[in-house]
Amino acid sequence: MLSLLRKIVSVGRVAEPAPPRPEPAAADPAQRIRTLRGSAQVRCVDAGSCNGCEIEIGQAFGPVYDAERYGARIVASPRHADVLLVTGPVTRNMAEPLRRTYQAAAQPRVVVAVGDCAIDCGEFAGAYGVEGAVADVVPVDLAVPGCPPAPDQIVAALRRVTGR
Amino acid sequence: MSNRAELLDLAAGLFLLCAVAILWRRDVRAQTAWLSGQGIALAAIAAILGAQDARPDLYGVAAGVALLRAALLPTLVRRAIAARAEDRESAPLINVGASLLAAVALVLLAYTVAQPLVRLEDTPAARALPVGLSVVLIGLLILVTRRKALSQIVGFLLLDNGITAVAFLAAAGVPLLVEFGVSFDLLLAVLVLRVLTARMRNLFGGSDLDEMRELRD
Amino acid sequence: MSVNLPGTALAVAAGLSAGAAAAALCAPDRIRVRLVGTLSALLGAAGAVAGGAALAGHTYAARLPDLFALSGVTLQVDALSGVFLAIAGAVVSATSIYGIGYASGPGRGRWAQALWPLFAFSLLLVPAAGSVSTLLVAWELMALCSLLLVVSGDPASGRVREAGVWYAVMTHLGLVAILTGLLWLGAAAHTETFAGLRIAAAGISPAVRGGVFVLLLIGFGSKAGMAPLHAWLPRAHPEAPSPVSALMSAAMVNLGIYGLVRFGLDLMGAGSRWWWLTTMTLGALSAVYGIVQAAVANDLKRLLAYSTVENLGLVLVGVGAAGVFQDSGHPALAVLALAAALLHTAAHAAFKTVLFLGAGSVLHATGTRDLDELGGLRTRMPVTTGVFALGALGAAALPGGAAFPSEWLLLQSLIHGLAVPGTLVVVVLPVTVGAIALSAGLAVATFVKALGTGFLAKARSRAAEQAHEARGSMRTGMGLAAAACAALAVLPGAAGPALARATACAVPGGGPRVSAGVARQLTALGSTLWPLMLVAVTLGALVLLRAGLALVSRRAGQRATAPLWDCGAPPLTARMEYTATSFAEPLQRVFDDVLAPESDLDVTPHAESAYLVERIAYSRAVPDRVEHRLYNPVVHTVRRAGLAARALADGSVHRYLGYGFGSVVILLLVLAAAR
Amino acid sequence: MSAPVLVSLAQVLLVLLGAPLLVGAMRRLRARMEGRTGGGVLQPWRDLLKLLRKAPLHPQGTGAAFRFAPLLGVACSGVAAAAIPLLSTRTGLGAGADLIAVVALLTLATAALALAGLDTATAFGGMGASREMTITALAEPAVLTAVCALAAKVGSTNLPAIVAATLSHGARPASPANLLAAVALAVVVLAETGRLPVDNPSTHLELTMVHEAMVLEYSGPDLAMVELGAAMRLTVLLGLWSALFAPWGITTTADPARLLLGLAAFAGKTLLLGCLIAAGEVFMAKVRLFRVPELLAGSFLLAVLAVSASFFLA
């Protein structure tokens with residue numbers, strides 16, 4: 001316990017200083033949906049990704065990028081969520097669960113497609129098990145390109161939702 | 001009531017709390033930490049009694065107790081654990097919940113049997129006597145119900161702390177010499193047990209007492 | 001001279017009882033059920049009036065020498081009897097009205113209906129008895145009627161027969177204990193009327209009184225479901241028809257308490273401390289054991305039966321505490337504890353009537369008592385669900401429930417009792433408080449389970465899906481009992497003066513001053529609970545308003561309906577729900593050592609490979625451990641002795657005559673030697 | 001309106017407004033110890049306001065229990081806040097501020113939420129309800145026995161009376177009976193508010209959830225009420241604990257200046273306790289569900305010892 005305490009003191013804060021707030025654009029959810037200003041509960045949906053994007057999302061909520069300071073928090077149920085972070089091309093087996101997850105979230109809700117696969121199926125376009133991009137299944141509000149996208153890009157997208 | 005009596009009560013309460021915590025926790029390392037705490041409480045009892053009766057020799061005893069019970073003995077036990085990780089859990093024979101309920105009964109028993117003694121001499125020290133007795137009984141309970149040799153040592157130390165407390169409270173302190181004699185015996189015993197468990201471990205790979213039954217012949 | 005209210009009411013009740021029984025036997029089928037039900041309800045009302053009058057301070061005493069051949073009948077009604085009369089009367093009323101709808105189905109015999117008013121009347125007669133012989137006769141009448149009613153449910157069913165046998169044996173062993181105890185007491189006191197016993201008891205040696213008390217504790221305790229003599233309760237209550245279960249559980253078992261209070265506290269003047277410490281310990285044991293069993297029971301009525309064991313255990317704790325305090329010269333505390341016990345008896349009667357009648361409606365509507373097959377009744381049986389929820393709130397002893405004031409009072413008396421000097425008290429009281437608290441906590445879990453898995457959520461079987469609401473008269477009966485529940489929950493203070501009078505009968509040292517103190521305390525309790533309720537309700541309403549405002553300001557329309565969150569993989573079926581068994585699983589594990597559940601896992605491998613599983617069967621049962629460990633060995637021994645004795649009976653008449661002759665000779669020899 | 005009623009109203013308002021801030025501070029401290037920055041003290045309030053603005057949902061097949069449990073939770077915590085002497089012993093509920101009644105009221109809120117969990121007919125809802133009720137049932141003996149120890153000396157279970165009696169004896173809080181009862185109740189407070197080591201409030205794994213599992217189906221304003229209720233419950237229980245064992249700063253009057261002092265003391269004490277819990281959680285892991293009974297049995301033992309100690313020590 002003492003060693004843990006010593007480590008806490010010696011490491012201190014590892015979160016990088018906050019980059020400037022992204023320029024608010026008219027298409028930002030925070031501009032459209034005033035309800036969500038300042039707070040966004042996030043539910044991640046892996047619709048068939050290679051888990052590369054999940055690792056980056058994990059980093060975005062980790063100590064270094066610390067998305068929580070902008071009001072985003074991961075929750076356990078889509079009922080609690082305002083934002084769905086969807087990754088990967090939507091596989092046939094995940095299409096229906098994704099639709100149901102979207103329906104389960106209370107209005108207003110925001111869908112963020114994370115990664116190239118989520119935007120246009122990327123490498124997996126046309127594969128036999130793929131139903132399509134996320135936008136083919138549920139309406140997408142924001143897209144974060146990259147394969148995988150860097151955590152700071154994901155954080156920037158979340159900041160567009162919370163407006164902080 | 002005087003300030004000193006209140007302090008004595010508080011020290012006795014802490015002494016009892018530590019005993020309960022030792023029974024409560026499974027991790028032997030945590031148990032040794034509480035054992036140190038108990039040693040401090042015991043030293044405090046001795047010191048308060050010394051202040052009360054204006055007996056400077058009790059301060060010496062208190063210092064000795066603090067050194068031995070709060071620092072030396074727990075450290076020895078902790079060293080013994082450091083060697084092997086799997087002995088950290090005390091592996092009780094009956095589950096901890098049941099032994100805690102048994103402890104409730106034991107404490108109430110201690111309280112009941114100590115009543116005549118308390119009535120004999122109604123001083124704050126005498127009234128704290130059931131605490132010492134309870135700790136003795138809890139120590140015995142640990143000795144009986146724990147499987148690992150290391151937690152047996154802990155139980156043994158608890159038992160001895162209880163006996164010392166009873167001696168302090170009932171006889172308002174024992175002579176310095178006797179206390180040190182007993183303490184060094186104890187130290188010796190712990191050292192011997194430690195060496196033995198270490199050797200057993202090297203020979204048989206564990207110190208589960210149930211598995212040692214075969215060693216009797 | 002004015003009319004004596006309790007006496008008149010009792011006479012009316014007797015007439016109504018005879019009338020109802022006659023109607024059951026003679027009336028045409030078309031009106032029979034309704035007529036008997038109405039007359040029985042009136043009978044109950046008369047009993048309640050008698051009890052109420054007694055509680056208001058009217059007393060009644062009468063001797064009817066010609067009514068019964070040898071000893072005559074002596075009646076005596078005071079405020080203590082009044083409590084039990086009022087409870088029994090009220091319960092009879094509610095259950096009789098309920099019974100009209102319940103009994104309308106096919107297969108309800110005339111005999112069973114004729115027994116009902118007799119049973120009801122015997123429940124009134126026991127507390128009104130004024131002498132040992134009258135009490136014994138009434139007691140036996142009650143035992144017989146209830147036994148026949150228990151087996152009237154479905155005589156062909158093996159389980160009903162088994163329950164009947166258990167009940168018959170235990171109730172009669174209890175009767176033997178009471179009989180022996182009371183005859184012993186009567187012989188020692190040279191009188192059999194209560195008034196005479198009260199005076200003579202002081203002169204009897206403590207050893208005799210102790211012996212009598214032990215016998216009475218066994219006899220009355222077994223009627224009150226005191227562990228380990230409770231074994232008949234979880235068998236008889238589930239198998240009996242529901243109104244009968246309600247009447248037995250809410251009114252009959254109370255009479256065991258009445259017996260203990262009447263003889264132990266009142267007539268024998270509190271006796272020694274060990275009597276009451278024993279009572280208290282056994283009470284605490286019953287409370288914890290009963291509720292632990294209830295927490296893991298799947299059968300709704302078995303659950304309720306074990307809850308009866310728990311609640312009567314709490315009442316026994318109160319009675320025991322009253323005895324201990326009386327013995328140590330603290331009449332005020334004794335009065336407080338006894339008042340708590342009596343109030344809890346009343347509260348238990350109210351909510352247990354509701355719960356058993358509710359369970360009866362469920363059984364009526366679905367044909368099952370198994371909580372694992374119920375669920376979703378909320379939409380199809382809204383009234384029953386609402387009423388059951390009120391009863392469950394009472395049984396859980398939460399604020400707003402019927403049992404909360406009485407349990408609160410009981411805890412108060414115990415906590416204040418810590419001021420009584422004495423090592424034993426200091427040792428026993430905290431542990432008892434812990435036991436009460438544990439039983440209260442487990443009661444919450446138990447009734448959340450009963451309500452949550454039985455009535456809320458989704459139906460787990462077709463039977464539950466096709467349930468229908470209870471009939472009108474059944475709803476009325478349940479509603480009456482529920483109203484009593486609500487009244488006890490919010491206005492416990494109103495019972496203050498009545499309880500003060502009742503306790504004054506049993507705790508002689510109390511005197512009017514102490515009783516007035518208790519009345520004050522109870523009134524204070526009433527006013528104590530009022531603000532809490534009031535504020536809770538207001539605040540609830542306020543928050544509701546706020547939520548409503550938020551709703552209106554945001555969206556004027558209705559709430560959007562969404563399917564349940566099924567983790568994205570439909571369908572979410574009723575098979576995925578938590579059942580009552582799974583709800584209780586953690587508790588069962590925690591109390592593994594107490595319950596010793598029996599589980600059986602049977603894995604059938606596939607024919608082709610031992611690694612492929614074809615079928616897994618899992619079964620679990622939580623038998624009553626006391627029954628297994630205590631009763632079965634006794635039963636086995638008796639059976640073995642019986643088999644051995646058969647060797648004596650070889651069918652030869654000469655031999656039997658010889659036995660008779662031999663015993664007469666031996667008896668004469670013994671007499672001669674004794675001379 | 002009389003002064004005690006105003007005191008009670010002030011306490012309710014204080015808990016209502018302050019509870020989310022306490023949760024925010026605890027999250028913030030934990031984030032800092034983990035090397036993060038965290039969402040800020042005001043974040044729970046932002047979350048709550050957002051949830052209140054969201055569209056309410058009615059999950060299919062749920063009934064009144066599901067609908068009203070969150071409101072009841074807030075109401076019960078609110079009434080408890082009015083009853084417990086957080087700022088002053090002169091609260092508006094007077095004789096109604098009974099320790100046993102307050103404990104029972106909080107249990108009522110738990111039971112209602114458990115019923116709501118069962119009402120959803122989902123596996124997780126039932127699982128959470130079952131676990132929560134198990135823990136609550138086993139915590140009860142420790143609570144009431146500790147209450148017994150505290151009440152035995154004062155001769156009353158009335159909260160203002162207990163606190164006033166403790167205040168009038170300067171050194172009393174440090175008596176061994178209080179010490180043991182304090183530890184016993186601290187364990188219970190952790191169990192009842194769903195903190196580590198009994199329950200992990202920030203878990204996302206359904207199978208390890210206790211409290212969270214019951215509320216998975218709530219959304220929007222209902223969820224806001226659940227979270228507000230939980231936060232208020234934490235604040236109220238911490239306030240109760242500090243009122244019983246560290247009553248410094250609580251006035252026995254309704255004097256405004258002293259009330260302000262009491263307010264500062266209350267905020268300080270509650271914040272300190274909350275931070276202790278949050279900091280402790282960084283070092284602690286959740287215990288297995290079936291070791292929780294051990295924890296609570298230990299707490300019960302301490303409570304019994306507290307009762308006995310109030311007799312043989314002092």
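Leaving aside its neighbours within four places in sequence, which residues is Ile45(B) in contact with? They are Leu8(B), Ala11(B), Ala12(B), Phe15(B), Ala165(B) and Phe168(B). Two residues are in contact if their C-beta atoms, placed from the backbone, lie within 7 Å.

This is a predicted model: local features need pLDDT of at least 70, side-chain atom pairs count only at pLDDT 80 or more, and totals for chains, interfaces and linings use all residues. Residues are numbered from 1 along each chain as its sequence is written, while chains are lettered from A and ligands numbered from 1 in the order in which they are written.

Start with chain B. It has eight helices and zero strands. Helices (H or I, at least four residues) and strands (E, at least two) are DSSP runs, numbered from the N terminus. From the N terminus on, the elements of chain B read α-α-α-α-α-α-α-α. Of the 217 residues in chain B, 46% are buried. A residue is buried if 20 or more other C-beta atoms lie within 10 Å of its own, exposed if 12 or fewer, and partly exposed in between; the C-beta atoms are placed from the backbone. Take the contacts in chain B between residues at least 6 apart in sequence: 73% of them join residues at least 24 apart.

The unreviewed UniProt entry annotates "transmembrane region" over residues 6-24, 33-52, 93-113, 125-144, 156-174 and 180-197 of chain B. UniProt positions are given in the numbering used here, feature names are shortened, and annotations may be inferred rather than shown by experiment. Two of these spans can be followed in the model. Residues 33-52 of chain B are 100% helix and 0% strand, with end C-alpha atoms 29 Å apart. Residues 125-144 of chain B are 95% helix and 0% strand, and their end C-alpha atoms also lie 29 Å apart.

Now look at how the chains meet. Five pairs of chains touch, and chains C and D have the most contacts among them. Chain A and chain B do not touch; their nearest C-alpha atoms are 11 Å apart. The contact between chains C and D takes 64 residues from chain C and 71 residues from chain D. On the side of chain C that touches chain D, the elements giving two or more residues are helix 16 (403-417), helix 17 (423-454), helix 21 (511-554), strand 3 (560-562) and helix 22 (580-590) of chain C. Helix 17 of chain C gives the largest share, 16 residues. This side of chain C divides into 46 nonpolar, eleven polar and seven charged residues. Here Ala, Val, Leu, Ile, Met, Phe, Trp, Tyr, Cys and Pro count as nonpolar, Asp, Glu, Lys and Arg as charged, and the others, Gly among them, as polar.

Strands also join the two chains. Strand 3 of chain C pairs with strand 1 (residues 57-59) of chain D in the parallel sense, over three bridges. Two strands pair if DSSP finds at least two bridges between them. Thr561(C) stands opposite His58(D) in strand 1 of chain D.

Helix 16 of chain C holds Glu407(C). This residue counts as buried because it has 26 C-beta neighbours inside 10 Å. Leaving aside its neighbours within four places in sequence, Glu407(C) is in contact with Leu314(C), His344(C), Ala397(C) and Ala440(C). Glu407(C) and Ala440(C) are 33 residues apart along the chain, yet their C-alpha atoms are separated by 8.7 Å.

Ala397(C) sits in the loop between helix 15 (382-395) and helix 16 of chain C. Its phi is near 55°, a positive value in a residue other than glycine. Ala397(C) is buried, because 29 other C-beta atoms lie within 10 Å. Ala121(D) lies in the loop between helix 4 (99-119) and helix 5 (123-154) of chain D.

Chain A has cis peptide bonds to note. One runs from Gln107(A) to Pro108(A), with omega near -15°. Pro108(A) is in the loop between helix 4 (92-104) and strand 5 (110-114) of chain A. Another runs from Cys147(A) to Pro148(A), with omega near -10°.

Finally, turn to the core. The largest nonpolar core has 489 residues. Such a core is a set of buried Ala, Val, Leu, Ile, Met, Phe, Trp, Tyr and Cys residues joined through C-beta atoms within 7 Å. Its largest share, 24 residues, comes from helix 13 (residues 331-366) of chain C. Ile45(B) and Phe15(B) are among the residues with the most contacts inside this core.
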